[in-house]
Amino acid sequence: MTSGFQQVADDRRKRRGGSGFIVRSALILSILAAVLIFFVVLTISSSNHLMSIEKTSVSNVPSNILPSYSTCSFESFDGQTNLSGWFFKCDNPITTVIVVHNAGSNRLPFGVNMVDLVENLLDNNYNVFLFDQRNSGESEGDVCNYGYLEWQDVIGAIAQVRSISVTTNVVLYGIGTGCTSTMLAYDKLPESGLTESELNDYPEDILKLGFDRSYVIGMIFDSPAKNSDDYITASVEQTEFLGSITKSFVPYAIRISAGESNSVNLVAEISRLQMPVCIIYGGHDTFIGADKITQIVEERNRLNSSLTVSRMIPGAGYLESFRMGKDEYIDTIMRFMQSYFI
């Protein structure tokens, strides 16, 4: 009898022990689920916050210092977003420079002082096209996607220039996240000389544009990152709650919202471009990292030194190169343009 009672007691203890394990496991899983939900919500919240930056108004430039221009209204490649810009033309232009501004900026990325750069380009026979990407300046749109949607605006700008300029090519000039917009736009275009079979791999609306990558004959980059996600990662880390943790997830969320599954390896893309490339950046850039941009310059020089011009502006931070070293900045761009496009 004693043995029987002992067996029953042992069975009860085992059941209680098993029940306790289940309770503890359920509690741990509940905590993990709550933590996961918290970070998912935080990631979505940070993504929405970064994408909802307010438009910055275009600076009022006195009419007596602004070169003659034409106001342009045109559609982004998506066919749903109306964009606004200015077209500056000169007599007998060599090519047209299209400026692609940073997130949170507009067609005058350097404010009124942008006029100095525009005038230098015009005086040396280069047309200039300044425009507001979506959710910037006077253009439509209510979200900023740090280049992952804005590439469509760059395509629209190229198409617009092609229709109003006598030049037969363009030079793309990306600033900050404009580097992502520029590089993605270029990547979306078909290479020149493809067979009909190879062209079938491209969307019909891209093929209807009537131009390919050969229409872009050069690129200028101000503060290019190693990876397109880096611009978002740096913003998250510096401005968002628990950004040091969510910085790994927010870029993905923003990309997915724009329909882009992959980021752009800018260091690889820029380094391998078989065209003239100019890179300008600040020597004290702690946002993207001056050391990382130096690596891009070094890799570019290793692969295409004869097609590369670069300038590091000492003491300048992220996107401060023009403000802190305007003469050097303009001199670098003009030296680049006159070295390859004459």
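Modeller: Let's start with Y146, which counts as buried at 6% relative accessibility (buried is under 20% relative accessible area, exposed is over 50%, and partly exposed is in between, with a 1.4 Å probe and protein chains only). Bear in mind that this is a predicted model, where local features need pLDDT of at least 70, side-chain atom pairs count only at pLDDT 80 or more, and totals for chains, interfaces and linings use all residues. Residues are numbered from 1 along each chain as its sequence is written, and side-chain values use heavy atoms, with hydrogens and water left out.

Y146 sits in the loop between β4 and α3; helices (H or I, at least four residues) and strands (E, at least two) are DSSP runs, numbered from the N terminus. Its phi is positive, about 55°, though Y146 is no glycine. Most residues other than glycine have a negative phi. N135 has a positive phi too, about 55°, and isn't a glycine either. You'll find N135 in the loop running between β4 (126–132) and α3 (151–164), and N135 is buried, with a relative accessible area of 8%.

On to the sulfurs: the disulfide count is zero, taking a disulfide as a pair of cysteine sulfur atoms within 2.5 Å. C72 is in none, as the nearest cysteine sulfur, that of C90, is 15 Å away. C72 is buried, at 6% relative accessible area. C179 is buried as well, at 0%, and its sulfur is too far for a bond because the closest cysteine sulfur, in C278, is 11 Å off.
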